[in-house]
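Please look over the sequence and the structure shown here before reading on. The briefing that follows takes a few local features in turn, grouped by topic.

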Amino acid sequence: MDLKTLTYPGDRHFGWLCLGYGVFILYSSTVVGPFGFHFVFRDPIQAFHQILAIRFVANGSDQRADWMGNLLMLVPFGFLVAATVWPQRPVFRLPAAIGALLICATVILATKYLQLFFPPRTVTLNYIAAQGIGAIVGGAGYAVWHQRIRPSVSRRNPVAALVLALRLYAAALLIFLLMPLDFALNAADLRACIGRLPDTMLTLPGDGRPLLVRVTLIVAASAAFIPVGMLLTFVRKGIFRVGRGVLAATLIGLLLTGGVFALTTLVISVAPSMPAILYRTAGIAAGAAAIRWVIAGDPIRYRARIRAWVPWLVVPYLAMLIAVNRLWPLEWRPAHAVATQVDPLGLMPLFDYYIVTKAEAAKNIVAHLVMYMPIGVGLWFRDPGPRTARRAFALAAVLSFAVELARYFHPGLEGDINAVALAGLSAWATVWLMPQIWSMLTALALQSGPPPVRVWNRRGVAGGEPLGEIEHF
């Protein structure tokens, strides 16, 4: 196994990512609005005095989700700014942290100032405070990453890196399930959350959608917990090993999914589902079984088998794509009807995410990313060459464009232009990540080693001492 495949972003990459994310914040906070690009010139001095006069506004529980959305939006920016300016010498880290906070504060205040020129944007201290807290959380997160996590990853221990990746995934999954994190904080909200508990008994994802779509959503929700099941099998005795059985991991997973359900009942904007405990636990059991299957076999043989399966999985994948996007049955509207009914604002990048809540936008983005990841996985298994990432980007973008165009022509549906870029980036990133993931799994299989080969005596009783990987009797 070549450990050089375990690469991590450098400072230069963080700088470009920080710049790109800053442009995204500026664009989504000003250019995108309910009327599209709506710039209204006003006296800059008057606008400056208005920004100095803003105050906190007493909002109800219905605004808590938007407040949390603003907080979460600045967490990645705070992380990237800290990563960009973080020095190697410890003596300069405190000034660097202060500088990172000043950069974040400047960007936040400048963005809020510019929003005054793009009505009807709302500028209050509530949202400035939320974004400031998010930036602080992101900066502190990078400090923890640099001080505690990155050194252990840099030791080139692929199994430890796999455990870390699974832990980060589990944390991200929990946050995603609890979005928009608008927890009940007063008696009235708690009574409302408790009052809806009877409705959670039969709640399933995709209510009102076709049966095939609902089944697909349940399977996807279950599969999201497969990495959690993998994580629960690990125990640490000097080094990380797969030491917990499928049954033990499943029982622990049942307790965890029950705890997740209890937390979702306290989130105002989330629809809790009691059956989710069962199919999420099923995903955990599948993950625990999968990781034991990996360590019991030969990764090279697995890779060859998966490479041979890829062409046979193309048709089922396309069928799933058609079903999830509700393109079946294949009914089409005439082109002139589509041209008259398409909303021009829907062709504006990120507009479809502005007109919904930030939680719904996040779920839409994640759904499109997951939807086109199999393209990157399949192409990497078939040809892990240097140009595969670009081919994956192009293929996923073209396929997504065809799907979204078909949605415009299908009665009752509309396309999402943002999905084209998301699909390409998802497939590209998947191809980039696959060597890292496969190296981790290969290292785990090599560390665990094949099971001992036993030779039994005539009475069927095991005995003798092991020699190497074979026990002789």
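Thr 430 is found in helix H17, which spans residues 418-448; helices (H or I, at least four residues) and strands (E, at least two) are DSSP runs, numbered from the N terminus. This is a predicted model, in which local features need pLDDT of at least 70, side-chain atom pairs count only at pLDDT 80 or more, and totals for chains, interfaces and linings use all residues. Residues are numbered from 1 along each chain as its sequence is written, and side-chain values use heavy atoms, with hydrogens and water left out.

**Surroundings of Thr 430**
- Thr 430 counts as buried because its relative accessibility is 9%, where buried means under 20% relative accessible area, exposed over 50% and partly exposed in between (1.4 Å probe, protein chains only).
- Apart from neighbours within four places in sequence, Thr 430 is in contact with Met 373, Gly 376 and Val 377, contact meaning heavy atoms within 4.5 Å.

**Helices H12 and H15**
- Helix H12 (residues 299-324) packs against helix H15 (residues 358-382) at an angle of about 160°, with the axes 9 Å apart; axes are lines fitted to C-alpha atoms, for helices over the stretch in contact, and angles run from 0 to 180 degrees between N-to-C directions.
- H12 and H15 are therefore roughly antiparallel to each other, since angles under 35 degrees count as roughly parallel, over 145 as roughly antiparallel, 65 to 115 as roughly perpendicular and the rest as oblique.
- The residues that make this contact include Ile 306, Val 310 and Leu 321 of H12, and Tyr 372, Ile 375 and Phe 381 of H15.
- The residues of the contact of H12 with H15 comprise 13 nonpolar, one polar and three charged (Ala, Val, Leu, Ile, Met, Phe, Trp, Tyr, Cys and Pro count as nonpolar, Asp, Glu, Lys and Arg as charged, and the others, Gly among them, as polar).

**Helices H6 and H10**
- The axes of helix H6 (residues 158-178) and helix H10 (residues 246-264) come within 10 Å and cross at roughly 35°.
- Leu 174, Leu 177 and Leu 178 of H6 meet Val 260, Leu 263 and Thr 264 of H10, a contact whose residues divide into five nonpolar, one polar and no charged.

**The hairpin of S1 and S2**
- Strand S1 (residues 234-237) pairs with S2 in the antiparallel sense over four bridges, and strands pair if DSSP finds at least two bridges between them.
- One residue lies between S1 and S2 in their hairpin, and Gly 238 in the turn has a positive phi of about 85°.
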